[in-house]
Amino acid sequence: MPQNPGIDLVAIAPEIILSATLVLLLVADAFLPPKRAWVGMPLALFGVFAALGATLLLVGEARSTFDGMYVVDGFAVLFKEFFLAVGA
């Protein structure tokens with residue numbers, strides 16, 4: 001019987017933050033009137049900066065979760081920082 005070692009939420013925190021921001025933006029865009037559509041841009045920027053902050057917590061660490069199928073190393077953190085900085 002396989003053991004569940006648990007999920008390392010810190011390792012997947014940037015992806016969780018970006019996904020939650022995306023869902024929040026989709027819901028907000030669906031219900032906000034067109035005059036208030038500008039609210040989405042600062043909200044998206046906040047989500048990108050929050051994910052960047054979570055990524056910076058991973059600098060210098062090697063983490064693995066989902067039974068080794070998801071690995072966070074220096075190379076992964078570098079590319080996450082790069083793409084989040086470009087997105088900001």
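1. A residue is called buried when its relative accessible area is under 20%, exposed when over 50%, and partly exposed in between (1.4 Å probe, protein chains only). Thr-65, at 3% relative accessibility, therefore counts as buried. This is a predicted model, in which local features need pLDDT of at least 70, side-chain atom pairs count only at pLDDT 80 or more, and totals for chains, interfaces and linings use all residues. Residues are numbered from 1 along each chain as its sequence is written, and side-chain values use heavy atoms, with hydrogens and water left out.

2. Thr-65 belongs to strand S1, residues 63–65. Helices (H or I, at least four residues) and strands (E, at least two) are DSSP runs, numbered from the N terminus. With neighbours within four places in sequence set aside, Thr-65 is in contact (heavy atoms within 4.5 Å) with Gly-6, Ile-7, Asp-8, Ala-11, Ile-12 and Tyr-70.

3. The loop between S1 and strand S2 (70–72) contains Phe-66. Phe-66 is partly exposed, its relative accessible area being 36%. Although Phe-66 is not a glycine, its phi is positive, about 55°. Most residues other than glycine have a negative phi.

4. Asp-67 also sits in the loop between S1 and S2. Its phi is positive at about 60°, and Asp-67 is not a glycine either. With a relative accessible area of 70%, Asp-67 is exposed.

5. Lys-35 is found in the loop between helix H1 (13–31) and helix H2 (40–56). Lys-35 is exposed, with a relative accessible area of 76%. From C-alpha to C-alpha, Lys-35 and Gly-53 are 31 Å apart in space, and they are 18 residues apart in sequence.
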